[in-house]
There are 4 protein chains.
Amino acid sequence: MPKRESPEAEGTATTAARGTGEKYPRILDAAVAVFAEKGFHLARVADIASRAGVADGTVYLYFKNKEEILMTAINTAFNAFMTDARAELHQISSPAERLRRLANMHLHALGSNRNLAVVFQMELRQSTRFLTTFSHEHMVEYLELVRDAIREGQQKGIFRPELNEKIAANCFFGAVDEIVTSWVLAEEDYPLASAADAVANVILGGLETK
Amino acid sequence: MPKRESPEAEGTATTAARGTGEKYPRILDAAVAVFAEKGFHLARVADIASRAGVADGTVYLYFKNKEEILMTAINTAFNAFMTDARAELHQISSPAERLRRLANMHLHALGSNRNLAVVFQMELRQSTRFLTTFSHEHMVEYLELVRDAIREGQQKGIFRPELNEKIAANCFFGAVDEIVTSWVLAEEDYPLASAADAVANVILGGLETK
Amino acid sequence: MPKRESPEAEGTATTAARGTGEKYPRILDAAVAVFAEKGFHLARVADIASRAGVADGTVYLYFKNKEEILMTAINTAFNAFMTDARAELHQISSPAERLRRLANMHLHALGSNRNLAVVFQMELRQSTRFLTTFSHEHMVEYLELVRDAIREGQQKGIFRPELNEKIAANCFFGAVDEIVTSWVLAEEDYPLASAADAVANVILGGLETK
Amino acid sequence: MPKRESPEAEGTATTAARGTGEKYPRILDAAVAVFAEKGFHLARVADIASRAGVADGTVYLYFKNKEEILMTAINTAFNAFMTDARAELHQISSPAERLRRLANMHLHALGSNRNLAVVFQMELRQSTRFLTTFSHEHMVEYLELVRDAIREGQQKGIFRPELNEKIAANCFFGAVDEIVTSWVLAEEDYPLASAADAVANVILGGLETK
DNA sequence: TATGAATGAGAGTTCATTCAT
DNA sequence: TATGAATGAACTCTCATTCAT
């Protein structure tokens with residue numbers, strides 16, 4: 001997920017953003033903000049354009065259509081996250097620590113960009129067949145990281161060998177993911193990452209041999 | 001979740017369903033099927049009507065609008081589930097067993113009605129403000145069951161006392177929920193409930209004192 | 001115009017009207033009330049039926065369609081008025097007195113039934129070609145009465161001979177008609193007929209030789 | 001009433017009008033033509049658009065909705081007329097002459113644009129509460145001109161002092177208005193303004209002291 | 001006669017997308 | 001590249017009318 005959110009993404013933009021150049025990222029940020037606020041289907045391309053401070057038509061110079069904006073936003077954020085995550089996890093030998101670190105990064109990434117978090121938690125689960133497939137593939141990629149760690153932990157004897165590795169990985173992702181959802185839906189805006197250790201404790205407790 | 005799904009909900013219905021009477025449940029079932037297939041926004045009321053074997057206008061004799069159909073479907077299913085769940089859990093004294101049973105019921109309920117499961121996993125997480133609030137309330141109700149069990153388990157000393165009860169409950173729900181999502185997105189149609197014990201093992205392992 | 005308005009026409013009817021029998025006039029009265037309130041196009045047949053205390057379908061046992069209800073209401077009232085008017089005017093030999101009496105009857109008829117007045121002033125001027133023709137014919141009939149009086153007055157030398165009789169008749173009708181419109185649109189509910197003499201004075205003043 | 005009516009307003013336009021530019025007045029003219037022909041409720045926005053030679057959606061770039069088109073058409077025409085009328089009447093000191101001139105302008109304005117006249121005579125008297133209020137206000141404004149003249153004439157002793165000024169003004173307007181209605185409903189298309197003197201003669205005859 | 005559930009055609013309006021400038 | 005006016009397909013919902021009971 002993008003480390004920083006461009007400043008105009010939250011404002012009306014039409015004013016501040018004009019002339020900053022770099023329309024592509026501005027449109028992307030605006031789109032994430034609008035999708036977060038209204039949801040994909042209720043978001044109008046005109047909303048995105050005006051928030052980005054560009055003309056409606058300009059959006060189509062950078063993106064084929066509305067769906068592609070959403071997908072690009074998700075892809076960009078997801079790929080950035082995965083690159084970061086793979087790099088970091090690579091340096092950690094303990095499978096348990098790796099999962100703890102992954103939970104941490106996951107919550108940090110989304111906790112630092114609420115709009116993006118909303119889009120991930122809400123809009124990613126659309127049922128356009130295409131989008132479903134699309135997000136499914138991301139999920140698989142993410143889960144691969146988790147399953148690797150679990151498998152390795154089982155081989156090393158620190159994770160319970162009888163656990164179905166696939167299901168365990170789903171539990172890990174599901175738990176972390178639900179923490180994000182819960183945060184997104186909450187009224188108060190507590191720091192999401194602060195929950196990382198607590199989640200990791202529960203899940204790792206469930207994975208580790210007694 | 002509805003005790004029985006009328007058989008025509010899966011088929012084209014337009015033919016077979018005609019004149020079977022009781023249009024209300026037929027429309028509801030058709031709606032769930034169409035929502036599952038296309039998603040709420042892409043589902044046309046005409047699709048629902050034709051699948052239910054009724055005229056477009058007939059839908060509006062039973063429901064105020066499209067949104068009300070979705071909400072009714074979700075409410076009906078959710079309330080039926082909660083009633084069942086409360087009744088069953090009431091008879092189980094062990095908190096761990098209660099959670100195990102809840103996971104089981106959860107997966108059974110959705111595993112026996114794929115369309116409904118798709119609607120719950122996908123459409124419930126839309127971002128219409130109203131729907132968000134609406135589903136949030138259901139979530140809270142469900143989580144109350146989980147939190148009660150966790151709290152009691154902590155008091156009895158069988159669950160780790162240092163765990164944040166709210167986060168732990170989220171982990172439980174998140175894990176079970178993700179198993180459903182995974183099943184919904186999966187190519188093959190394995191019996192969902194078969195995963196119940198495995199999930200429960202992971203989470204209970206994480207909750208129980210060593 | 002009908003001498004009396006059936007009592008249920010103003011109320012919700014569904015209660016009081018039931019079982020009184022005589023559904024035909026009840027539907028007619030209800031229709032006039034609903035047309036007056038919402039206008040022809042915005043009036044729903046269901047509104048009329050419920051106000052008349054009958055089922056929607058029952059309306060169609062008495063009237064071919066919505067338009068026929070309006071036409072029947074107008075026709076009935078208009079014919080009743082014309083019959084009365086012809087009978088009364090027949091007994092008055094002075095053309096001036098005849099016009100004075102006609103203005104009086106006109107304002108009395110509509111002033112005693114506001115709903116009907118609204119329908120006459122507003123709905124009669126629709127532009128469905130059919131309805132236009134239809135109301136045009138009524139107008140001609142009414143104007144005939146006026147023109148007869150004017151013609152006779154001119155022959156007798158009490159009305160200015162140079163006046164175009166057709167235009168003068170239009171002036172008479174227009175003046176009286178406008179008094180009704182003004183009353184219909186007014187906030188306060190003054191007795192319409194009280195204006196009869198004043199209007200007659202103006203117009204007769206314009207007609208009479210000096 | 002609009003100073004000039006774009007020529008295509010009367011024709012089918014779909015062909016000739018394309019690309020003539022200035023879509024706003026074209027839509028307005030087309031709307032008046034369609035409203036005149038079918039009446040507001042039966043007029044479809046698609047009719048207006050096609051007559052104006054624009055796409056359906058284009059209408060909504062210029063007007064919020066169908067009602068706004070009607071109101072704009074009426075307002076524009078009415079305000080133009082009132083501006084003209086006030087300017088002209090200002091220069092006439094004789095109250096009688098002023099009324100004669102007003103009748104003349106009234107009949108000229110509507111007589112030179114039959115579609116607009118139809119809309120004024122028919123559609124303006126609908127019973128949408130909003131429209132009623134709206135047209136009522138116009139009426140008041142117009143009547144103010146008439147009442148001013150009458151009041152002044154009474155003060156100067158040339159109009160009968162015993163006449164109720166409000167009722168007299170209604171008579172004036174009603175008479176002129178009915179001449180227009182009569183013309184609108186007539187089969188043959190005689191020049192409307194030719195009736196101006198005749199009407200003025202009747203009404204002024206009724207107003208003036210003998 | 002009476003009912004009212006069911007029908008389905010129909011229309012206002014929105015908005016993603018295009019394209020002439 | 002950038003614009004934004006224009007397009008027109010699409011879709012929800014209403015309501016006059018019918019007809020089995």
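The questions below concern how terms are applied to this predicted model.

In this predicted model, local features need pLDDT of at least 70 and side-chain atom pairs count only at pLDDT 80 or more, while totals for chains, interfaces and linings use all residues. Residues are numbered from 1 along each chain as its sequence is written, and chains are lettered from A and ligands numbered from 1 in the order in which they are written.

Q: What makes a residue count as near DNA strand E, and which residues come nearest?
A: The C-beta atom, placed from the backbone, must lie within 6 Å of the strand. There are 30 residues around DNA strand E, and Asn65(A), Gly57(B), Gly57(C), Gly57(D) and Asn65(D) come nearest.

Q: What is the make-up by class of the surface near DNA strand E?
A: Ala, Val, Leu, Ile, Met, Phe, Trp, Tyr, Cys and Pro count as nonpolar, Asp, Glu, Lys and Arg as charged, and the others, Gly among them, as polar. On that basis the surface has 12 nonpolar, 8 polar and 10 charged residues.

Q: How many residues of chain B are in contact with chain A, and what makes a contact?
A: Two residues are in contact if their C-beta atoms, placed from the backbone, lie within 7 Å. By this rule 38 residues of chain B are in contact with 37 residues of chain A. H8(B) gives the most to the chain B side, with 12 residues. That side has 17 nonpolar, 15 polar and 6 charged residues.

Q: Why is the relation of chain D to chain C called a two-fold axis?
A: Copies are superposed by least squares on the C-alpha atoms of residues with pLDDT of at least 70 in both. Chain D is laid on chain C with an RMSD of 0.2 Å by a turn of 179° and a shift of 0.0 Å along the axis. That is therefore the relation of a two-fold axis. Gly206(D) comes closest to the rotation axis among the residues of chain D, at 1.7 Å (C-alpha).

Q: How do you know that the copies meet through the same surface?
A: Of the interface residues of chain D, 97% are also interface residues in chain C, so the surface is the same.

Methods
Helices (H or I, at least four residues) and strands (E, at least two) are DSSP runs, numbered from the N terminus.
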